Amino acid sequence: HHVPKLLHCWHDSSSSSNDLVQILTDGTKLTAKNLVNGKLNPSLPILVSDSPTSIGMTLPTTTTTTTTARRKKNRVTIRDVANVIGHAHPVSVIDVKHQEELEGWTLGDLVD
């Protein structure tokens, strides 16, 4: 429900929302063939508005390390991701105010 508001903020008379993001209502159309043949533009973000399963994605349920208060169906935390792929896995972090990348961050830094 945030996408229409975001697109409205970016919209001006010289561009349309199609110039900013591609919205797919059917995730099965997100294929390499459609990227290669020009039906999708690989230079623009693609928003798939139907279910994650339409693009072959499955969301894990929370792990047993998650507290009961936070345990909800398909709620995945940074801790869950770090537990699966490792706390030492590097991540990109940007200082938004200065628009600079901060080097040396790991998933573990975000969990602690």
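How many helices and strands make up the secondary structure of the protein, and which residues form a nonpolar patch on the surface?

Author: This is a predicted model, in which local features need pLDDT of at least 70 and side-chain atom pairs count only at pLDDT 80 or more, while totals for chains, interfaces and linings use all residues. Residues are numbered from 1 along each chain as its sequence is written, and side-chain values use heavy atoms, without hydrogens and water.

The protein has 4 helices and 4 strands (DSSP runs, H or I of at least four residues and E of at least two, numbered from the N terminus). From the N terminus, their order is α-β-α-β-α-β-β-α. The accessible surface amounts to about 8700 Å² (Shrake-Rupley, 1.4 Å probe; for residues, only the protein chains shown count as cover), and carbon and sulfur atoms hold 58% of that surface. Of the 112 residues, 18% are buried, that is, under 20% relative accessible area.

The nonpolar surface patch consists of Leu30, Ile55, Met57 and Leu59, which together expose about 310 Å² of accessible area. Patch members have over 30% relative accessible area and no salt bridge, and nonpolar side chains (Val, Leu, Ile, Met, Phe, Trp, Tyr) are joined within 5 Å, like charges within 9 Å; a salt bridge is a Lys or Arg side-chain nitrogen within 4 Å of an Asp or Glu carboxyl oxygen. Ile55 counts as partly exposed because its relative accessible area is 37%, between the buried limit and the exposed class, which begins over 50%.

Definitions and conventions. Buried means under 20% relative accessible area, exposed over 50%, partly exposed in between (1.4 Å probe, protein chains only).
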